[in-house]
Amino acid sequence: MEIIKDDREPKRLYRSRRRIIGGVCQGLADYFNVDVVLVRIIALFALFCLSAGFWVYLVLWIAVPLEPVSGSGDNYRRK
């Protein structure tokens with residue numbers, strides 16, 4: 001039986017530098033590979049309807065690190 005080793009880096013959650021407020025929604029969209037508009041709509045729904053959305057966003061803004069700067073010098077374009 002052969003064990004296959006995966007050398008890829010594990011996926012990490014970062015706040016995006018391509019942000020409107022704190023980069024949390026863009027970072028979540030990048031992490032889950034979904035459209036940022038969908039994440040922002042869910043965040044607005046949570047903010048206005050559940051009222052806990054503000055606190056969740058604030059905690060994520062504080063706890064999730066900002067994505068590292070790429071070595072290419074172009075911080076806003078990927079790939």
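The structure is a predicted model, in which local features need pLDDT of at least 70, side-chain atom pairs count only at pLDDT 80 or more, and totals for chains, interfaces and linings use all residues. Residues are numbered from 1 along each chain as its sequence is written, and side-chain values use heavy atoms, with hydrogens and water left out.

Helix α1 covers residues 24–32; helices (H or I, at least four residues) and strands (E, at least two) are DSSP runs, numbered from the N terminus. Within α1, the residues V24, C25, Q26, G27, L28 and A29 are buried. Buried means under 20% relative accessible area, exposed means over 50%, and partly exposed lies in between (1.4 Å probe, protein chains only). The buried residues of α1 pack against α2 (36–50) and α3.

The packing angle between α1 and α2 is about 125°, and their axes are 8 Å apart. Axes are lines fitted to C-alpha atoms, for helices over the stretch in contact, and angles run from 0 to 180 degrees between N-to-C directions. This angle makes α1 oblique to α2; angles under 35 degrees count as roughly parallel, over 145 as roughly antiparallel, 65 to 115 as roughly perpendicular and the rest as oblique. The contact (heavy atoms within 4.5 Å) is made by C25, Q26, L28 and A29 on the α1 side and by V36, V39, R40 and A43 on the α2 side. Just after α1, N33 has a positive phi of about 60°.

Q26 counts as buried because its relative accessibility is 12%. Leaving aside residues up to four places away in sequence, Q26 touches S16, R18, V36 and R40.

A search of the whole structure finds 3 aromatic pairs. Rings of Phe, Tyr and Trp (its six-membered ring) pair if their centres lie within 6.5 Å; planes under 30 degrees apart count as stacked, over 60 as edge-to-face and the rest as tilted. One of the pairs is formed by F54 and W55, and is edge-to-face, with 4.9 Å centre to centre and 80° between the planes. F54 is partly exposed, with a relative accessible area of 43%, and W55 is exposed, at 53%. Y57 and W61 also form an edge-to-face pair, with 6.0 Å centre to centre and 75° between the planes. Both Y57 and W61 lie in helix α3 (residues 53–63), 4 residues apart, about one turn of the helix. An α-helix has 3.6 residues a turn, so residues three or four places apart point the same way. W61 is partly exposed, with a relative accessible area of 34%.

A ring is also involved in a contact of another kind: the charged end of K11 sits over the ring of Y31, 5.3 Å from its centre. A charge sits over a ring if NZ of Lys or CZ of Arg is within 6 Å of the ring centre and within 35 degrees of the ring normal.

L58 lies in helix α3 and is partly exposed, with a relative accessible area of 29%. The C-alpha atoms of L58 and G22 are separated by 8.9 Å, although the two residues are 36 residues apart along the chain. P68 lies in the segment after α3 and is exposed, with a relative accessible area of 54%. P68 touches Y14 and R17, not counting residues up to four places away in sequence. The C-alpha atoms of P68 and S16, 52 residues apart along the chain, are separated by 9.1 Å.
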